[in-house]
Amino acid sequence: ITARFENSGGLKVKSPVSAAGVKIGQVSDISLDPKTYESVVKMRIEAKYNSIPEDTTASVFTAGLLGEQYISLEPGGSSEFLKQDSQIEITQSAIILEKAIGQFLFKSAEEKK
């Protein structure tokens, strides 16, 4: 299964893929699409989890404050399921801690003016 992200952060090959907090697979490849400049993440899902709805959402999260990054799948309500070589259309990129802190500090400085 493939998903595209604007930013995959510190995601790595072999990073976990989970649903409801349960590991159901792992990242098998990460590449850059030279046309869209998106991160293309391929995931290998265990065969016993073959009923993931096609409208599932994929998000990049961090385990704890400074832990490793992983992909969390949030199942949708579709009666159609993802198949081999399917693409998850709805994604949420990694939140980069340094970027978020910089935006917060910039906003705080603007409010003080």
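Biologist: Leaving aside neighbours within four places in sequence, with which residues is Ser-93 in contact, and to which backbone nitrogen does a polar atom of its side chain lie at 2.9 Å?

Modeller: In this predicted model, Ser-93 is in contact with Phe-5, Glu-6, Asn-7 and Val-60, once its neighbours within four places in sequence are set aside. Ser-93 itself sits in the loop between β8 (90-92) and α1 (97-112). A polar atom of its side chain lies 3.1 Å from the backbone nitrogen of Asn-7, while the distance of 2.9 Å belongs to the backbone nitrogen of Glu-6.

Biologist: Which pattern does the chain follow when it is read along the sequence?

Modeller: The chain has 1 helix and 8 strands. Of its 113 residues, 32% are buried, and among contacts between residues at least 6 apart in sequence, 58% join residues at least 24 apart. Read along the sequence, the elements follow the pattern β-β-β-β-β-β-β-β-α.

Biologist: In what order do the strands form the open sheet, and which strands stand at the edges?

Modeller: The open sheet is formed by 8 strands with mixed pairing, in the order β7-β1-β4-β3-β2-β6-β5-β8. Each edge strand has a single partner strand, so one side of each is left without a neighbour in the sheet, and these edge strands are β7 (87-88) and β8.

Biologist: In which sense does β5 pair with β6, and in which sense does it pair with β8?

Modeller: Strands of a sheet pair through backbone hydrogen bonds, in either a parallel or an antiparallel sense. Strand β5 (residues 57-62) and strand β6 (residues 69-74) are joined over 6 bridges, with Gln-69 of β6 as the bridge partner of Thr-62. Between β5 and β8 there are 3 bridges, and here Ile-90 of β8 is the bridge partner of Thr-57. The pairing of β5 with β6 is antiparallel, and that of β5 with β8 is parallel.

Biologist: Is Ser-8 buried or exposed?

Modeller: Ser-8 is found in the loop between β1 (2-5) and β2 (16-19). Not counting residues up to four places away in sequence, it touches Ile-30, Ser-39, Val-41, Val-60, Gln-69 and Ala-94. Because its relative accessibility is 9%, and residues under 20% are classed in this way, Ser-8 counts as buried.

Biologist: How far apart in space are Ile-30 and Ser-8, C-alpha to C-alpha?

Modeller: Ile-30 has its place in strand β3 (residues 22-32) and is partly exposed, with a relative accessible area of 28%. Beyond residues up to four places away in sequence, its contacts include Ser-8, Leu-11, Lys-12 and Val-13. Although Ile-30 and Ser-8 are 22 residues apart in sequence, their C-alpha atoms are separated in space by 8.6 Å.

Biologist: Which strand gives the most to the lining of the largest pocket?

Modeller: About 370 Å³ of space lies in the largest pocket, and its lining of 16 residues has Ile-1, Ile-45, Lys-83, Gln-84 and Asp-85 nearest the centre. By class, the lining has 7 nonpolar, 4 polar and 5 charged residues. With 4 residues, the strand that gives the most to this lining is β4 (residues 39-45).

Biologist: What are the phi values of Lys-14 and Asp-85?

Modeller: Most residues other than glycine have a negative phi. Lys-14, in the loop between β1 and β2, counts as exposed at 62% relative accessibility, and Asp-85, in the loop between β6 and β7, counts as exposed at 68%. Both have a positive phi without being glycine: for Lys-14 the value is near 80°, and for Asp-85 it is about 70°.

Key: Residues numbered from 1 in each chain as written. Heavy atoms only, no water. Helix = DSSP H or I, 4+ residues; strand = E, 2+ residues; numbered from the N terminus. Buried < 20%, exposed > 50% of the residue type's maximum accessible area, 1.4 Å probe, protein only. Contact = heavy atoms within 4.5 Å. 1 Å grid on protein atoms, 1.4 Å probe; cavity = no way out; pocket = protein on both sides within 12 Å on 5 of 7 lines; lining within 4 Å. Points joined across faces, edges and corners; volume = space filled by probe spheres on them. Nonpolar A, V, L, I, M, F, W, Y, C, P; charged D, E, K, R; others polar. Polar contact = N/O pair within 3.5 Å; in protein donor to acceptor, adjacent residues only side chain to side chain. Pairing = 2+ DSSP bridges.
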